[in-house]
Amino acid sequence: MARPRKLTERGTTVSAYVPLSLYSEFQRLARSKGLTVSEYIYRLIAEAVQKEKASAAVADPPADPPEAVLQGVLKTLEPLDRERVVLFMKRLEEAEGRLAKLSPDELKLARSGRLTSSEVDNIRKTVISLRQTYERTIKRNVRVPDVLDIIGERLLELMKELGVPV
Amino acid sequence: MTIYLPADLKEELAGRAAARRMSLSEYAVSLILKGLYAEKDEEAKKNGKAKEAD
């Protein structure tokens with residue numbers, strides 16, 4: 001008979017290599033705080049994520065949203081590259097709009113990569129095509145890191161929502 | 001080392017790791033190390049203050 005799960009919540013385990021000396025350090029620090037290594041590691045990760053979020057909020061004040069940065073950088077691009085990015089963004093926004101209209105259940109299933117409806121399938125196909133355009137055209141021609149970061153982040157978010165492998 | 005991540009934290013980390021073009025385990029270890037160094041810094045500061053007080 002399988003042993004009962006120690007952690008009832010369905011999460012995931014990640015294997016990572018760390019030198020033995022570092023692991024011993026984790027053990028020492030965890031013990032000094034009366035925690036297990038797992039609890040201590042989880043606390044370190046959760047705290048680091050919170051700190052990153054807080055520093056991102058401080059570093060990016062609301063006065064400078066990504067769209068404003070994008071509009072600013074677009075002006076500096078060559079006309080052909082600008083046209084490429086504008087067209088790409090239109091398709092991306094269209095896909096985001098269609099995704100927003102899905103029901104929470106459909107979204108949940110889509111995220112797990114399961115086919116739920118022809119609409120989800122169509123959006124997924126659009127996103128895959130956008131990804132190809134990004135890799136083959138945008139990335140090669142538009143060599144401005146700020147623009148690529150903004151577009152890439154939004155594309156990645158869409159891919160994640162639709163369970164498209166990265 | 002095996003790291004257990006609850007589902008919500010895994011989602012969060014996976015997104016952040018992908019944005020940085022890193023694997024989930026690479027990103028998780030980088031966060032752990034950041035936390036560890038921050039904690040060591042704090043420990044060192046505390047020890048320094050304790051010595052000053054002595």
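Biologist: Which hand does the crossing of H4(A) and H7(A) have?

Modeller: The crossing of H4(A) and H7(A) is left-handed. Keep in mind that this is a predicted model.

Biologist: And which residues make that contact?

Modeller: From H4(A) you have Val85(A), Phe88(A), Leu92(A), Ala95(A), Glu96(A) and Leu99(A). H7(A) answers with Val147(A), Ile151(A), Arg154(A), Leu155(A), Leu158(A) and Glu161(A). By class, the residues of the contact of H4(A) with H7(A) split into nine nonpolar, three charged and no polar.

Biologist: At what angle do H4(A) and H7(A) pack?

Modeller: About 30°, and their axes are 11 Å apart. Angles under 35 degrees count as roughly parallel, so H4(A) is roughly parallel to H7(A).

Biologist: OK, now H4(A) and H6(A). Roughly parallel or antiparallel?

Modeller: Their axes cross at roughly 160° and come within 11 Å. H4(A) and H6(A) are therefore roughly antiparallel to each other. H4(A) passes H6(A) in a left-handed crossing.

Biologist: What residues are in that one?

Modeller: On H4(A), they include Asp81(A), Arg84(A), Arg91(A) and Arg98(A), along with Val85(A) and Phe88(A). On H6(A), they include Ile123(A), Val127(A), Leu130(A), Thr133(A) and Asn141(A). The contact of H4(A) with H6(A) has nine nonpolar, four polar and four charged residues.

Biologist: Let's talk cores. Which residues touch the most other members of the largest nonpolar core?

Modeller: That core has 16 residues, and the ones touching the most other members are Ala95(A), Ile123(A), Val127(A), Leu130(A), Leu155(A), Leu158(A) and Leu162(A). H4, H6 and H7 of chain A each supply at least two residues of this core.

Biologist: Which helix gives the most?

Modeller: H6(A), with five residues.

Biologist: Say I click on Leu130(A). What is Leu130(A) in contact with, beyond its neighbours within four places in sequence?

Modeller: You'd find Arg91(A), Leu92(A), Ala95(A) and Leu155(A). There is also another core, apart from the largest one, with 14 residues. Its members include Val14(A) and Tyr40(A), together with Ala28(B) and Leu31(B).

Biologist: Stepping back, how many helices and strands does chain A have?

Modeller: Chain A has seven helices and one strand. Read from the N terminus, its elements go β-α-α-α-α-α-α-α. Chain B has two helices and one strand, in the order β-α-α from its N terminus.

Biologist: And what share of each chain counts as buried?

Modeller: For chain A, 14% of the 166 residues count as buried. For chain B, the figure is 17% of the 54 residues.

Biologist: One more: what share of the contacts in chain A between residues at least 6 apart in sequence join residues at least 24 apart?

Modeller: Among those contacts in chain A, 67% do.

How values were computed:
Residues numbered from 1 in each chain as written. Chains lettered and ligands numbered in written order. Predicted model: local features only at pLDDT ≥ 70, side-chain atom pairs only at ≥ 80, totals over all residues. Axes fitted to C-alpha atoms, helices over the stretch in contact; angles between N-to-C directions. Helix = DSSP H or I, 4+ residues; strand = E, 2+ residues; numbered from the N terminus. Parallel < 35°, antiparallel > 145°, perpendicular 65-115°, else oblique. Left-handed = near helix turned anticlockwise from the far one by under 90°. Contact = placed C-beta atoms within 7 Å. Nonpolar A, V, L, I, M, F, W, Y, C, P; charged D, E, K, R; others polar. Core = buried A, V, L, I, M, F, W, Y, C linked by C-beta atoms within 7 Å. Buried ≥ 20, exposed ≤ 12 C-beta atoms within 10 Å, placed from the backbone.
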